[in-house]
Amino acid sequence: MPILELRDITKIFPGVVANDRVSLSLDRGEIVALLGENGAGKSTLMNIAYGLLAPDGGEMLIDGRPVRIRSPRQAIALGIGMVHHHFMLVETLTVTENIVLGREPARAGVIDFGAARARVRELSERYGLEVDPDARIRDLSVGLQQRVEILKALYQGARILILDEPTAVLTPGEVTELFRVIRSLVANGLA
């Protein structure tokens, strides 16, 4: 059974049909790439799967169950994470602070940064996404910032990871490293 199915997804903007009955199926441990020219509707389809846009028609299923995702919060709760090609990180915060932002572990109302740092290290090691948990985002290369975005999705429980134009801003070496990371993620059951 596919982990994610999009069936006959349609999205119409004034004067433009962005998606016309698009169907897609994604299995656990599978990598799917959407290829097409600018304006083909790729990002629109990803934004629908992540709850940023509502489809005008069609249905979405996760683990065979129909779902209506109306917000990124719902998508995250269903195990869908997204890394946008424009990163959504706070440059003055550390890697750990960015990853746990909004989901900080706390004891007696006090944020437990030791626990947060340990969880970031554990995820980093498990998926081969080495990054210093105490580094400031502003001091990281674009490739390392992308790793932080991926770690943030994993920290939130992503089983399905959507990467929007993941190689657009990377150097050739960073692209090679990204593909290694993606293979590691799918080897661990993510899609």
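Trainee: How many of the eight residues of helix H1 are buried?

Mentor: In this predicted model, helix H1 spans residues 42-49 and is mostly covered. The buried residues include Thr44, Leu45 and Met46, and Asn47, Ile48 and Ala49 belong to the buried set as well. The number of buried residues in H1 is therefore six, a residue being buried when its relative accessible area is under 20%.

Trainee: Which helix do the buried residues of H1 pack against?

Mentor: Their partners include several strands, among them E1 (4-13), E2 (16-26) and E3 (57-62). Strands E5 (80-83) and E8 (160-163) are also packed against the buried residues of H1. The helix in that list is H2 (72-77).

Trainee: Which residue just after H1 takes a positive phi?

Mentor: Helix H1 covers residues 42-49. Just after it, a phi of about 85 degrees is found at Gly51.

Trainee: Are helices H5 and H6 roughly parallel or roughly antiparallel to each other?

Mentor: Two packed helices are described by the angle between their axes and the distance between the axes. For H5 (residues 142-155) and H6 (residues 172-187), the axes come within 10 Å and cross at roughly 15 degrees. Angles under 35 degrees count as roughly parallel. H5 and H6 are therefore roughly parallel.

Trainee: How many charged residues does the contact of H5 with H6 have?

Mentor: On the H5 side, the contact includes Val142, Gln146, Arg147 and Ile150, and on the H6 side it includes Glu174, Glu177, Leu178 and Arg180. By class, five residues of this contact are nonpolar and two are polar, while the number of charged residues is four.

Trainee: What is the radius of gyration of the protein chain?

Mentor: The protein chain has six helices and eight strands. For its 191 residues the globule rule gives 16 Å, and the computed value is close to that, so the chain is as compact as a globular protein of that length. The radius of gyration is 17 Å.

Trainee: What percentage of contacts between residues at least 6 apart in sequence join residues at least 24 apart?

Mentor: Buried residues make up 43% of the 191 residues in the protein chain. Among contacts between residues at least 6 apart in sequence, the share joining residues at least 24 apart is 65%.

Note on methods: Residues numbered from 1 in each chain as written. Predicted model: local features only at pLDDT ≥ 70, side-chain atom pairs only at ≥ 80, totals over all residues. Heavy atoms only, no water. Buried < 20%, exposed > 50% of the residue type's maximum accessible area, 1.4 Å probe, protein only. Helix = DSSP H or I, 4+ residues; strand = E, 2+ residues; numbered from the N terminus. Contact = heavy atoms within 4.5 Å. Axes fitted to C-alpha atoms, helices over the stretch in contact; angles between N-to-C directions. Parallel < 35°, antiparallel > 145°, perpendicular 65-115°, else oblique. Nonpolar A, V, L, I, M, F, W, Y, C, P; charged D, E, K, R; others polar. Rg over C-alpha atoms; globule rule 2.2 N^0.38 Å.
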